[in-house]
Amino acid sequence: MSDSADNDTVHTDTNNTTTNSNPAHHTVDIEDETHYFAWPKGKVLLDALLDAGVDAPYSCHMGECGACQCTVEGGETHMLANQVLSTYDIEDDQRLACQTIRDEEGPYEISYWF
Ligand code: FES
């Protein structure tokens, strides 16, 4: 089954707002490079990055170690689990990529500092 938001078009909805639904319109800044990637709804951010060939850091893949911590901007998200980040971190747009699901269309901007 395909996600209708993941086709390669730009469309206008009934509220007359333009939405870019290009599947690779999200960006990630990592190791001084910017990559475009697709982030399907319901998929955790880390898996979307790895699927796109981005060498994103991770270790446990369970929300317990913090190795995948990054900044996520551009829309609301939620985490499936979090044993690492404080409320302050989350309010500062920090997320665990291995647990983060997007809740909006974006485009999202992801940043890693290391
Ligand atoms: S890889 Fe350990 S918290 Fe994400």
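This is a predicted model: local features need pLDDT of at least 70, side-chain atom pairs count only at pLDDT 80 or more; totals for chains, interfaces and linings use all residues.
1. Five of the strands come together in an open sheet, and their order across it is β4-β3-β9-β5-β7, with mixed pairing. The edges are formed by β4 (33–37) and β7 (94–96), each of which pairs on one side only. From one strand to the next, the twist averages 30°.

2. Within that sheet, have a look at how β3 meets β9. Strand β3 covers residues 26–30 and strand β9 residues 109–111; the two run parallel and are joined by three bridges.

3. Is Thr27 buried or partly exposed? Thr27 counts as partly exposed because it has 16 C-beta neighbours inside 10 Å, while a buried residue would need 20 or more.

4. Leaving aside residues up to four places away in sequence, Thr27 touches Thr34, His35, Tyr36, Pro107, Glu109 and Ile110. Phe37 is 10 residues from Thr27 along the chain, and their C-alpha atoms are separated by 6.1 Å.

5. Finally, two figures for the chain as a whole. Of its 114 residues, 20% count as buried. Among contacts with a separation of 6 or more, 48% are between residues 24 or more positions apart.

Notes:
Residues are numbered from 1 along each chain as its sequence is written. Two strands pair if DSSP finds at least two bridges between them. Helices (H or I, at least four residues) and strands (E, at least two) are DSSP runs, numbered from the N terminus. Axes are lines fitted to C-alpha atoms, for helices over the stretch in contact, and angles run from 0 to 180 degrees between N-to-C directions. A residue is buried if 20 or more other C-beta atoms lie within 10 Å of its own, exposed if 12 or fewer, and partly exposed in between; C-beta atoms are placed from the backbone. Two residues are in contact if their C-beta atoms, placed from the backbone, lie within 7 Å.
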